[in-house]
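I opened this notebook to record what I looked up in a structure that was new to me. The entries follow the order in which I worked.

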Amino acid sequence: MQRHVIFALLIPAVLLMVGCDSGIELGQVTGTVTKDGEPAPEIWINFMPDPDEGTEGAISSAITDQDGRYELQYQGENKEPGAAVGAHRVVVNDLVPENFRGQGRPPKSRVRPEMMHAGDTPFRFEVKPGQQQIDIDLDI
């Protein structure tokens, strides 16, 4: 009898855990983006799991603040801080020219074209379990 009660309580607990967890281990990633040694605000960052390196999961993204700082948010079913553990190709986009609403020409992008494409980006980083800082220099 006692075994049936334990089993009856265990099955819903396991189902609840499976339903709440995508099975993707996340690492918490923060960092700073710089250009010419200065913080780069309004840079959109996307950490894309690299299937060629065996990393699975959804994209993690962030937009840098006025100090060029960011904190990645996992874009999976349950949005939460972090990125899938493993190898990533990192794509960046400059939002300043896109958001420009003034007169005249918009400012020139601070991001080179190859940095905006997953196949060409020079940014490849390994996300590890736990807290970590990954800084991105747009001058490389």
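Entry 1, contacts. I began with the contacts in the chain that have a separation of 6 or more, and found that residues 24 or more positions apart account for 63% of them. I note here that the model is a predicted one.

Entry 2, burial and surface. I looked up how much of the chain is buried: of its 140 residues, 34% are. For the accessible surface I recorded about 8,800 Å², with 55% of that area belonging to carbon and sulfur atoms.

I listed two helices and twelve strands. Following the sequence, I wrote the pattern down as α-β-β-β-β-β-β-β-β-β-α-β-β-β.

I examined strand 6, residues 73-74, beside strand 7: the two pair in the antiparallel sense over two bridges. Glutamine 73 stands opposite proline 81 of strand 7.

Entry 6, aromatic pairs. How many aromatic pairs does a search of the whole structure find? I recorded two. In one, phenylalanine 47 and phenylalanine 125 are stacked, at 6.1 Å centre to centre with 20° between the planes. Phenylalanine 47 belongs to strand 3, residues 43-49, and phenylalanine 125 to strand 10, so this pair ties together parts that lie 78 residues apart in sequence. The other aromatic pair joins phenylalanine 123 to phenylalanine 125; it is also stacked, with 6.5 Å centre to centre and 10° between the planes.

Phenylalanine 47 is buried, with a relative accessible area of 0%. Phenylalanine 123 has 3% relative accessibility and therefore counts as buried, because the cut-off for buried is under 20%. Phenylalanine 125, at 21% relative accessibility, counts as partly exposed.

Phenylalanine 125 takes part in the pair with phenylalanine 47 and in the pair with phenylalanine 123.

Notes. Residues numbered from 1 in each chain as written. Predicted model: local features only at pLDDT ≥ 70, side-chain atom pairs only at ≥ 80, totals over all residues. Heavy atoms only, no water. Pairing = 2+ DSSP bridges. Helix = DSSP H or I, 4+ residues; strand = E, 2+ residues; numbered from the N terminus. Phe/Tyr/Trp six-rings, centres within 6.5 Å; stacked < 30°, edge-to-face > 60°. Buried < 20%, exposed > 50% of the residue type's maximum accessible area, 1.4 Å probe, protein only. Contact = heavy atoms within 4.5 Å. Areas by Shrake-Rupley, 256 points an atom, 1.4 Å probe, with all protein chains shown as cover.
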